[in-house]
Amino acid sequence: MAADLIITNATVYTVDPARPWASALAVKDGRVLSLEDLDRGPKTEVLDLDGAFVLPGLVDVHNHHALAGRAALFELGFGADAGFENILAAVRARAETLGPDEWVVGGAWASTLIGTLSRTSARLALDEAAGGRPVSLADDSRHNRWVSTRALELAGITGATTDPAGGEIVRDSDGAPTGLLLEAAGVPVEHALRATRTLTDEQHAAASRHGIGTLHSYGVTAFQDAGVSADILRALKSLDNAGELHAWVVSSLLINDPIFGFDPIGAPLLEVAEEYRTEHHRPDFVKIFLDGVPPTRTAAFLEPYLPDDAHGACHLGATTMPAGELAGWLRTAAEAGLSAKVHCTGDASVRVTLDAVEKVRAAGFTEARFQVAHGQFVHPDDVPRFAALGVAADISPFLWVPGVIPAAVAEVLPPERAARMQPNRDLLDSGALVAGGSDWPVSESPNAWEGIQGLVTRRDPTGIHPGALWPEQAISLTEAIECFTLAGARAMGLDEVTGSLTPGKSADFLVLDRDPFRTEPDRIARTKAVETWFAGRRVFQRD
């Protein structure tokens with residue numbers, strides 16, 4: 001059988017333990033035919049790579065590709081390093097291009113600015129910069145919003161509005177809303193925004209197309225979107241029907257939604273999701289937010305946060321639903337043939353999830369996949385339970401190095417606890433499946449090589465933030481690459497089609513600009529995809 005494509009004279013790392021290394025790769029009908037340099041047919045394309053390094057396409061187990069595409073195409077962007085005055089300047093410049101009551105939407109401001117934004121004076125400065133327009137700016141976790149007076153008015157939020165379940169309207173000393181909305185308190189703003197600023201189906205498709213194109217530029221050929229709307233499902237189906245979906249995509253159907261304001265969610269979304277299944281798109285997971293994020297004290301912990309005036313000395317945070325309700329949803333998903341991704345940032349929410357999975361497994365549901373998303377803090381007693389219960393650790397975003405969010409965490413937790421984030425070494429040693437994700441656009445890019453370097457060094461790949469974060473939890477380069485290839489595919493249920501260069505699997509691979517195994521650990525993040533191939537077709541080529 002003549003191959004359609006033969007890659008020869010290459011250094012091929014397959015991530016297949018049965019045959020980890022090869023020097024050639026043959027492709028037929030979009031799949032890996034062989035790891036040998038086969039005889040050519042008259043139509044065989046032959047690429048001599050002159051020793052270049054070839055790796056399976058990268059797998060991102062946790063991102064929000066469509067939201068990232070939407071932000072890039074239709075929203076105001078500024079990095080988490082932007083200070084208060086820089087953000088106001090960016091809002092002022094965007095507002096000058098808009099009509100009198102058009103929204104300024106964007107992000108992401110740093111969690112370390114929470115104190116600065118928790119004052120009415122900050123909201124009034126935002127009003128001035130926006131010329132009185134409605135403004136909604138997300139933080140670096142995408143869980144919280146800073147909004148203008150006009151946005152509060154459109155959302156119906158006043159000094160008399162009570163805090164919603166799972167959210168907080170931050171107030172000044174006189175009880176007036178400051179404009180800082182935590183978790184579910186921001187959902188009314190999302191509803192008000194959508195009432196006057198609705199994207200078309202074509203714009204949703206453009207956002208997904210842009211997001212996937214960006215992923216290709218970083219070598220990602222398979223990913224799990226960690227929280228989709230019906231609009232995103234429609235966009236993915238339309239792209240695949242048009243032959244434009246050049247990635248394996250697994251969608252996570254929202255059961256609860258404390259931050260996005262999507263509709264429908266829960267049972268109504270599960271009822272229609274199957275309509276959007278295509279060759280390359282699998283709506284196979286549900287997504288449950290079980291807690292918030294540590295910097296705003298909305299993550300659920302087994303031991304208290306540091307004391308503050310608002311919460312006192314015994315605040316633990318709380319889960320978004322009782323343990324029995326979580327177990328019920330996991331069982332409902334399993335009965336429907338679906339798997340589940342559960343957002344957990346505190347160690348209490350991790351434990352509640354593991355307890356719920358234990359009940360579902362005991363009821364006979366052995367095939368369903370379960371992921372703990374983020375798992376920034378895991379009690380040592382719970383580490384071995386991941387492997388025992390078949391729960392994957394979705395270690396995202398890139399929080400295993402010093403940075404803005406770890407610095408914000410250090411302000412709300414005792415030092416000895418704040419420093420013990422992401423026990424990746426312990427999880428791997430216990431036999432857990434550890435899968436890498438970016439949580440882009442929470443992270444500023446979906447560059448897996450930054451994550452891989454961080455996993456290996458536990459140091460900030462950018463060099464901005466000094467020191468190392470719990471360096472004893474560093475893992476090897478081989479393990480880190482597997483986290484972003486085969487392990488990610490297994491966690492998503494895609495390992496039969498991608499994740500390694502194994503004959504019979506999809507021909508998803510990268511040509512890199514260097515051999516990462518011959519690269520100094522503190523330079524791994526500089527690795528770039530020169531070419532990205534999906535199903536035997538080149539989908540990205542660097543200029």
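**Entry 1: the starting point**

I note first that this is a predicted model.

**Entry 2: aromatic pairs**

I began with the rings and found 14 aromatic pairs in the structure. I picked out Trp 21 and Phe 53, an edge-to-face pair with 6.1 Å from centre to centre and 80° between the planes. Which elements does this pair tie together? Trp 21 belongs to strand E3 (residues 21-22) and Phe 53 to strand E7 (residues 53-56), so the pair links parts 32 residues apart in sequence.

Phe 53, at 2%, counts as buried.

Trp 21 has a further partner in Phe 517, again edge-to-face, at 5.7 Å centre to centre with 65° between the planes. Phe 517 sits in the loop between strand E22 (509-512) and strand E23 (529-534), so this pair with Trp 21 of strand E3 ties together parts that are 496 residues apart in sequence. Phe 517 is partly exposed, and its relative accessible area is 30%. I wrote down the whole group as well: Tyr 13, Trp 21, Phe 53 and Phe 517 make up one aromatic cluster.

Next I went to Asn 256, which I found in the loop between strand E16 (248-254) and helix H9 (267-273). Is Asn 256 buried or exposed? Its relative accessible area is 15%, and the cut-off for buried is under 20%, so Asn 256 is buried.

I looked up what its side chain does there. The side chain of Asn 256 reaches the backbone oxygen of Phe 289 at 2.8 Å, and it makes a polar contact with the side chain of Thr 320 at 3.4 Å. Leaving out residues up to four places away in sequence, Asn 256 touches Ile 265, Lys 287, Ile 288, Phe 289, Thr 320 and Met 321.

Two of those neighbours had an entry of their own: the charged end of Lys 287 sits over the ring of Phe 289, 4.2 Å from its centre. I also noted Arg 417, which lies over the face of Phe 301 at 5.3 Å from the ring centre.

**Entry 3: helix H7 and its partners**

I turned to helix packing. The axes of helix H1 (residues 65-74) and helix H7 (residues 201-217) come within 7 Å and cross at roughly 105°. H1 and H7 are therefore roughly perpendicular to each other. On the H1 side I listed residues in contact including His 65, Gly 69, Leu 73 and Phe 74, and on the H7 side residues including Gln 203, Ala 207, Gly 211 and Leu 215.

H7 also meets helix H8 (residues 230-241), where the axes come within 9 Å and cross at roughly 70°. That makes H7 roughly perpendicular to H8. The residues that meet include Asp 201, Ser 208 and Ile 212 in H7, and Asp 231, Ala 235 and Leu 239 in H8.

**Entry 4: the buried side of H6**

Which residues of helix H6 (residues 187-196) are buried? I get Val 187, Val 189, Glu 190, Ala 192 and Leu 193. I then checked what covers these buried residues, and the cover includes strand E10 (104-109), strand E11 (135-139), strand E12 (144-147), helix H5 (149-155) and strand E14 (177-183).

**Entry 5: two glycines**

Gly 219 lies in the loop between H7 and strand E15 (220-228). Gly 219 is buried, with a relative accessible area of 0%. How far apart are Gly 219 and Val 530 in space? Their C-alpha atoms are 8.6 Å apart, although 311 residues separate them in sequence. Not counting residues up to four places away in sequence, Gly 219 touches Gly 57, Leu 58, Leu 510, Ala 529 and Thr 532.

Gly 451 lies in helix H16 (residues 448-457). At 0% relative accessibility, Gly 451 counts as buried. Setting aside neighbours within four places in sequence, I found Gly 451 in contact with Phe 398, Trp 400 and Phe 484. I also noted Ser 438, 13 residues from Gly 451 along the chain, with 7.6 Å between the two C-alpha atoms.

Definitions and conventions
Residues are numbered from 1 along each chain as its sequence is written. Side-chain values use heavy atoms; hydrogens and water are left out. Helices (H or I, at least four residues) and strands (E, at least two) are DSSP runs, numbered from the N terminus. Buried means under 20% relative accessible area, exposed over 50%, partly exposed in between (1.4 Å probe, protein chains only). A polar contact is a pair of N or O atoms within 3.5 Å; within protein, one must be able to donate a hydrogen and the other to accept it, and residues adjacent in sequence count only if both atoms are side-chain atoms. Contact means heavy atoms within 4.5 Å. Rings of Phe, Tyr and Trp (its six-membered ring) pair if their centres lie within 6.5 Å; planes under 30 degrees apart count as stacked, over 60 as edge-to-face and the rest as tilted. A charge sits over a ring if NZ of Lys or CZ of Arg is within 6 Å of the ring centre and within 35 degrees of the ring normal. Axes are lines fitted to C-alpha atoms, for helices over the stretch in contact, and angles run from 0 to 180 degrees between N-to-C directions. Angles under 35 degrees count as roughly parallel, over 145 as roughly antiparallel, 65 to 115 as roughly perpendicular and the rest as oblique.
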